[in-house]
Amino acid sequence: MTRLFAWLLVLLLFGLFGAAVVFVLLVRVEAGKGFPPYSVYSAERDGLIECARLLRKLGWEPVALTRPIEPGRHQGLLILVEPSGTALIPGDEPDLSDTEVRALLNWVERGNTLLLCGRQINGLHRALNVMLTADGSGAAGMPQAVEVSEAGGYTEGIAEMIVEGRDAVRAPGALPLWWVNEQPGAVLLPRGKGRVLVVADPSLLTLRGLSRADNVMFLYNVAALHAHDGRVYFDEYHHGLRGGGGFWGYLRHHGQQWALLPVLLAVLVAVWAAAVRLGPPLTLPSPPSDGGEGRVSLTPPSPPAGGEGGVRGPRLGRADAVDYASAVARIYQRSGARRLLARTLARGFLTALTRHLRLRRTALPAEILAAWRQRHPEASAQRLQGLLRGTLALHKGDVSERQLLAWTQAFDQFQAEVFRVR
């Protein structure tokens with residue numbers, strides 16, 4: 001099995017595993033199972049998936065938001081049903097934080113509309129000074145007919161609405177939308193340039209609530225009045241369905257996941273390059289039967305009988321040594337190491353001279369020559385002067401192989417005849 005085939009097999013297995021995971025998740029999403037209550041993805045009894053489908057049939061595009069709503073990006077109508085928030089203190093009931101409440105109200109004040117449905121009071125209700133009165137008659141969840149108020153376009157075309165329970169909403173300066181036992185069941189609160197619709201019955205937007213024609217008419221009126229650009233937003237962020245952070249979360253939020261495609265292609269090319277064989281496969285020669293001259297014996301010979309001779313390793317013949325030296329020489333020649341060898345040779349000769357004359361290692365050739373003339377005869381000084389000129393030529397590196405060999409022999413002969421390096 002080649003390395004390329006092994007890598008392809010590993011990638012295929014990972015791909016199959018990823019495809020299986022994605023398929024299972026898609027099946028669960030299509031079935032609307034396993035989502036939080038009042039989620040637009042949920043097809044359960046308390047899910048809002050039918051509300052999204054109804055809006056799509058009426059001509060609006062439902063958009064689920066898994067990140068906090070942004071004033072400069074999202075405008076129009078936001079539906080928030082029974083937000084769960086997070087527990088500020090372990091053990092407490094989940095609630096919306098002050099930061100989340102300020103962000104939502106800031107978005108509303110810019111001229112947008114929030115439809116808030118729920119029986120559980122949260123930070124938004126408190127910030128709006130809204131009180132929810134729970135139904136204490138034991139009729140919670142039972143259908144109740146309500147008296148519709150004259151609330152302009154919100155209740156236009158509605159004759160009678162049916163809600164579940166008798167929960168009431170109280171807020172100073174609010175416009176009631178309908179009444180439950182002489183108590184407001186839903187109110188309209190102005191906020192800056194926008195408005196908040198507070199409804200005490202979260203089932204109004206579920207399949208049960210939308211099975212009643214007048215309830216559908218209320219949803220239609222709200223969307224017709226406040227949905228901009230044909231979109232209706234559903235807050236899934238406060239249901240716990242939150243987009244991931246970090247680099248991948250940023251790309252997914254802005255729809256730029258394709259930017260990782262070049263990186264993936266580069267990784268695949270690197271894997272392919274690592275798996276490609278650099279040359280044809282080579283077959284090992286069969287070991288020779290004897291250990292004659294010029295061959296490498298792979299089988300160690302047996303010690304002589306009656307002796308304590310050790311096991312000898314493989315022998316390298318004369319021809320093998322010559323071939324090895326020639327190969328190393330060719331490598332040096334092709335790598336352009338002649339310039340490096342020339343400079344190393346000149347530096348070594350100058351180091352030997354400064355050590356012999358007890359000068360600093362960075363002494364200049366003129367200083368070396370002057371010190372030499374004080375201790376040695378003039379004949380050797382003339383010879384040294386010529387060799388010092390050779391070191392300058394070697395430092396430049398513009399010498400041929402023949403010249404490099406000649407200077408090497410001259411330096412060695414001078415050191416052997418005139419002084420001994422200690």
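Visitor: At what angle do helix α10 and helix α12 pack, and how far apart are their axes?

Guide: This is a predicted model, so every value is computed from predicted coordinates. Helix α10 (residues 338–357) and helix α12 (residues 378–396) pack at an angle of about 145°. Their axes are 8 Å apart.

Visitor: What is the handedness of the crossing of α10 and α12?

Guide: α10 passes α12 in a left-handed crossing.

Visitor: Which residues of α10 and α12 meet?

Guide: From α10 come Arg 339, Ala 342, Arg 343, Leu 345, Ala 346, Phe 349, Leu 350 and Leu 353. From α12 they meet Leu 384, Leu 387, Leu 388, Thr 391, Leu 394, His 395 and Lys 396. The residues of this contact divide into 10 nonpolar, two polar and three charged.

Visitor: How do the axes of α12 and helix α13 cross?

Guide: The axes of α12 and helix α13 (residues 401–417) come within 11 Å and cross at roughly 145°. α12 passes α13 in a left-handed crossing. On the α12 side, the contact includes Ser 380, Arg 383, Gly 386 and Gly 390. On the α13 side, it includes Trp 407, Phe 411, Gln 413 and Glu 417. Its residues divide into eight nonpolar, five polar and two charged.

Visitor: How many disulfides does the structure hold?

Guide: The structure holds zero disulfides. Cys 51 is in no disulfide, and the nearest cysteine sulfur, that of Cys 117, is 9.0 Å away.

Visitor: Are Cys 51 and Cys 117 buried or exposed?

Guide: Buried means under 20% relative accessible area. Cys 51 has 0%, so it is buried. Cys 117 has 1%, so it counts as buried too.

Visitor: What makes Leu 205 buried or exposed?

Guide: Its relative accessibility is 1%, so Leu 205 counts as buried. Leu 205 is found in the loop between β10 (194–199) and α5 (207–210). Beyond its sequence neighbours up to four places away, Leu 205 touches Leu 48, Cys 51, Ile 79, Val 81, Leu 115, Cys 117, Leu 210 and Leu 219. Leu 205 and Asp 46 are 159 residues apart in sequence, yet 9.0 Å apart in space, C-alpha to C-alpha.

Visitor: Which residues touch the most other members of the largest nonpolar core?

Guide: Ile 79, Leu 177, Trp 178, Leu 205 and Val 232 do, in a core of 38 residues. Helix α6 (residues 213–226) gives the largest share, five residues. A second, separate core of 26 residues includes Val 101, Leu 116, Leu 124 and Val 198.

Visitor: What is Val 232 in contact with, leaving aside neighbours within four places in sequence?

Guide: Its contacts include Leu 55, Trp 60, Glu 61, Pro 62, Leu 77 and Ile 79. Ala 223 and Ala 227 are also among them.

Visitor: What sets the phi of Tyr 38 apart?

Guide: Phi of Tyr 38 is near 60°, a positive value in a residue other than glycine. The place of Tyr 38 is in the loop between α1 and α2. Its relative accessible area is 15%, under the 20% cut-off, so Tyr 38 is buried.

Visitor: What about Asn 181, buried or exposed?

Guide: Exposed means over 50%. Asn 181 has 53% relative accessibility, so it counts as exposed. Asn 181 lies in the loop between β8 (175–180) and β9 (183–191). Its phi is positive, about 50°, although Asn 181 is not a glycine.

Visitor: Where is Pro 36 found, and what does it touch?

Guide: Pro 36 is found in the loop between α1 (3–31) and α2 (49–57). Not counting residues up to four places away in sequence, Pro 36 touches Ser 42, His 239 and Leu 241.

Key: Residues numbered from 1 in each chain as written. Predicted model: local features only at pLDDT ≥ 70, side-chain atom pairs only at ≥ 80, totals over all residues. Heavy atoms only, no water. Disulfide = S-S within 2.5 Å. Buried < 20%, exposed > 50% of the residue type's maximum accessible area, 1.4 Å probe, protein only. Axes fitted to C-alpha atoms, helices over the stretch in contact; angles between N-to-C directions. Helix = DSSP H or I, 4+ residues; strand = E, 2+ residues; numbered from the N terminus. Left-handed = near helix turned anticlockwise from the far one by under 90°. Contact = heavy atoms within 4.5 Å. Nonpolar A, V, L, I, M, F, W, Y, C, P; charged D, E, K, R; others polar. Core = buried A, V, L, I, M, F, W, Y, C linked by side-chain atoms within 4.5 Å.
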